[in-house]
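Here's a quick tour for anyone meeting this structure for the first time. Have a look at the model, then follow the notes below.

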Amino acid sequence: MKRIIIAIDGYSSCGKSTMARQLAKRIGYVYVDTGAMYRAVTLYALRRGFLKADGSVDADALEKELDSLDITFSLNPQTGCPDTCLNGEVVESEIRQMEVSSHVSVIAALPFVREALVRQQQKMGQQKGIVMDGRDIGTTVFPHAELKIFVKASPSVRARRRYDELKAKGVEADYNEILKNVEERDYIDSHREVSPLRQAPDALVLDNSYLTIEEQNKWLYEQYERKLKELSD
């Protein structure tokens with residue numbers, strides 16, 4: 001069976017990762033959460049003190065050490081999902097905290113960070129058979145991907161999902177703070193100079209504001225099957 005690249009882009013907290021991960025598992029593809037890669041760099045910057053109190057970044061210091069960062073994924077035998085590792089340390093839980101969420105868009109907007117991670121992501125997809133989600137997968141990383149999806153949902157719905165997710169994990173959360181963070185990330189992601197968040201012209205749009213996980217997974221699998229049939233005709 002022909003193996004393809006599936007690029008899933010969209011706004012933060014849209015459920016892209018859940019969709020992508022479950023589709024990859026179902027069809028036997030490799031799954032890569034590029035957002036986790038940017039979060040790992042952000043966590044590193046926080047730990048090294050490269051993020052200043054005023055929200056600015058010591059970009060020169062981060063750039064000098066970027067090559068020393070080894071971001072990999074390891075399968076969690078309990079969840080059956082990949083965990084993000086930073087220099088051999090599993091940091092899946094740490095990169096999902098609000099402190100990282102509040103700074104990741106600033107880090108992701110740095111040209112040298114994007115260039116370095118895009119190179120890694122493109123290398124991961126050389127053999128195809130991959131599902132990758134992020135902000136610029138269908139526009140910058142894999143502009144020729146066979147199947148492109150753009151996911152969106154209202155800010156209030158996304159903030160509620162993020163709030164519920166954190167509470168379920170036992171993490172203290174404030175809905176209004178999360179909503180503010182979602183709106184700020186939308187603005188930064190859409191207005192950054194390098195690889196801004198935008199819908200690829202040939203992407204299929206999914207507004208999952210009022211869809212269940214089962215409904216959106218069904219829709220996504222149907223698009224995958226349709227694309228394979230289209231390519232085989």
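Let's start with glutamate 63, which sits in helix α3, covering residues 59-65. Keep in mind that this is a predicted model.

**A charged patch**
- Glutamate 63 has a relative accessibility of 42%, so it counts as partly exposed.

**An open sheet**
- Three strands make up an open sheet: the 3 strands run in the order β3-β4-β5, and the pairing is antiparallel.
- Which strands are at the edges? They are β3 (71-75) and β5 (89-90), each of which pairs on one side only.
- Strand β4 (residues 82-86) and β3 are antiparallel partners, joined over 5 bridges.
- If you want to find one of those contacts, look at leucine 75: its bridge partner in β4 is proline 82.
- As background, strands in a sheet pair through backbone hydrogen bonds, in either a parallel or an antiparallel way.

**Salt bridges across the chain**
- The count of salt bridges comes to 16.
- Lysine 148 and aspartate 202 form one of them, with their closest N and O atoms 3.1 Å apart.
- This pair links distant parts of the chain, 54 residues apart: lysine 148 belongs to strand β7 (residues 147-152), and aspartate 202 to the loop between α9 (175-191) and β8 (204-207).
- Buried or exposed, what is lysine 148? Its relative accessible area is 6%, so lysine 148 is buried, whereas aspartate 202, at 47%, is partly exposed.
- Aspartate 186 also forms a salt bridge, this time with arginine 158, and the closest N and O atoms are 2.7 Å apart.
- That pair too links distant parts of the chain, with aspartate 186 in helix α9 and arginine 158 in helix α8 (residues 155-168), 28 residues apart.
- Both aspartate 186 and arginine 158 are buried.

- Glutamate 222 forms a salt bridge with lysine 218, and their closest N and O atoms are 2.6 Å apart.
- Glutamate 222 and lysine 218 are 4 residues apart in helix α10 (residues 213-232), so about one helical turn separates them.
- Lysine 218 is exposed, with a relative accessible area of 54%, while glutamate 222 is partly exposed at 34%.
- Elsewhere, a network of salt bridges links Asp33, Glu92 and Arg96.

Key. Residues numbered from 1 in each chain as written. Predicted model: local features only at pLDDT ≥ 70, side-chain atom pairs only at ≥ 80, totals over all residues. Heavy atoms only, no water. Helix = DSSP H or I, 4+ residues; strand = E, 2+ residues; numbered from the N terminus. Buried < 20%, exposed > 50% of the residue type's maximum accessible area, 1.4 Å probe, protein only. Pairing = 2+ DSSP bridges. Salt bridge = Lys/Arg side-chain N within 4 Å of Asp/Glu carboxyl O.
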